Amino acid sequence: MKYYEFKIYCSSDGAEKASDVLTEAGYLTFEVDDTQTAKDILSAKKTYEWDYFDESLLEEHEATVTLYFPYEDSAKEDMERIARLMEELHKNDPDGKYGRLLTRSRTADDSEWKDEWKKYFKPSKVTEDIVIKPSWEDYEAAPGEKIIEIDPGMAFGTGTHATTRMCIKLIEEYLHKDDSFLDIGCGSGILSIAAGLTGCRRISGFDIDPDAVEAARENAAKNHMEDFIKIFQGDVTQGTDIKADVAAGNLMAEIIMSIAGSIPGILNDGGIFIASGIITEKRDAVLDSLKDAGLDILKVTEEEGWCAVAAEKKA
């Protein structure tokens with residue numbers, strides 16, 4: 001579907017002022033792209049709970065205010081009106097505080113962005129044996145390679161991040177084909193499918209997001225594992241009676257610490273908990289929470305500023 005994209009190029013102060021002008025003129029829906037907002041958040045006194053922030057996003061660049069209009073003749077009148085408002089604002093800004101206030105419009109189409117992300121998702125070898133490939137890419141497996149075919153959609157990770165690689169490597173190391181496996185926060189189902197590639201045939205996955213549950217089920221079917229990968233909606237640490245020989249979760253450090261006390265309850269005696277998604281600065285805090293829960297740390301791996309851990313429930 002076609003639409004018009006209308007941008008105003010300005011300074012940070014200009015973005016704020018242009019937003020006020022647009023609102024006063026009756027244009028209430030627009031998008032502001034301004035790194036100053038992120039800078040203000042990072043410099044605030046409050047501590048924000050995130051594990052990672054890409055500082056490249058803070059590189060200096062011109063702020064923009066963007067509006068979207070339906071592909072109709074009436075939209076041209078709106079865009080011409082806004083251009084005049086910005087010209088007037090620019091004339092009344094002799095010091096250039098508001099930046100260029102330059103306006104540009106273009107015709108766009110949904111197809112430009114809805115599949116744009118797919119260009120960056122290519123087959124990737126994540127362990128010695130396992131290759132993750134998108135469903136729309138052709139790939140001929142080399143001798144001994146095992147393929148995870150996945151269609152994550154825009155809302156889920158592709159599985160090629162360091163945290164997923166480390167998690168899958170630990171699954172390969174500690175999961176045996178006769179074990180039962182539990183995927184905590186399964187997302188698109190990559191860890192469950194990786195468990196299936198080890199020969200394991202008793203696999204359960206849980207996620208609180210219904211979209212994740214649907215995606216994981218679809219990806220299990222793509223890999224012909226729907227008969228033994230069972231995906232459920234809900235929080236496995238809250239009142240379920242499922243126990244596993246190996247449980248794994250590619251989660252944030254805070255989430256791992258918050259559920260650590262529940263992990264022994266979902267593991268069989270001697271069971272293994274594999275956790276990834278831990279930024280190295282929070283490694284010790286996560287390890288302490290697992291130890292406090294009564295788990296023995298077996299192995300910790302690190303890659304690209306992240307770490308993963310395997311811990312055992314004492315028999």
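Reader: What makes Arg-217 count as partly exposed?

Author: Its relative accessibility is 46%. Buried means under 20% relative accessible area, exposed over 50%, and partly exposed in between (1.4 Å probe, protein chains only), so Arg-217 counts as partly exposed. A word on the ground rules: this is a predicted model, where local features need pLDDT of at least 70 and side-chain atom pairs count only at pLDDT 80 or more, while totals for chains, interfaces and linings use all residues. Residues are numbered from 1 along each chain as its sequence is written, and side-chain values use heavy atoms, with hydrogens and water left out.

Reader: Where is Arg-217 found, and which residues does Arg-217 touch?

Author: Arg-217 is found in helix α7; helices (H or I, at least four residues) and strands (E, at least two) are DSSP runs, numbered from the N terminus. Not counting residues up to four places away in sequence, Arg-217 touches Ile-231 and Phe-232, where contact means heavy atoms within 4.5 Å.

Reader: Which label does Glu-304 get, buried or exposed?

Author: Glu-304 sits in the loop between β13 (295-303) and β14. At 59% relative accessibility, Glu-304 counts as exposed. Glu-304 is not a glycine, but has a positive phi of about 55 degrees.

Reader: Why is Lys-313 called buried?

Author: Because its relative accessibility is 16%. Lys-313 is found in strand β14 (residues 306-313). Apart from its neighbours within four places in sequence, Lys-313 is in contact with several residues, among them Lys-243, Leu-267, Asp-269 and Leu-295. A polar atom of the Lys-313 side chain lies 2.9 Å from the backbone oxygen of Pro-264.

Reader: On to helix packing. At what angle do the axes of α1 and α3 cross, and why is α1 called oblique to α3?

Author: The axes of α1 (residues 12-24) and α3 (residues 73-91) come within 11 Å and cross at roughly 130 degrees. That makes α1 oblique to α3, because angles under 35 degrees count as roughly parallel, over 145 as roughly antiparallel, 65 to 115 as roughly perpendicular and the rest as oblique. Axes here are lines fitted to C-alpha atoms, for helices over the stretch in contact, and angles run from 0 to 180 degrees between N-to-C directions.

Reader: Which residues of α1 and α3 meet?

Author: Lys-17, Ala-18, Val-21 and Leu-22 in α1 meet Ile-82, Leu-85, Met-86 and Leu-89 in α3. Those residues divide into 7 nonpolar, no polar and 1 charged; Ala, Val, Leu, Ile, Met, Phe, Trp, Tyr, Cys and Pro count as nonpolar, Asp, Glu, Lys and Arg as charged, and the others, Gly among them, as polar.

Methods
Polar contact = N/O pair within 3.5 Å; in protein donor to acceptor, adjacent residues only side chain to side chain.
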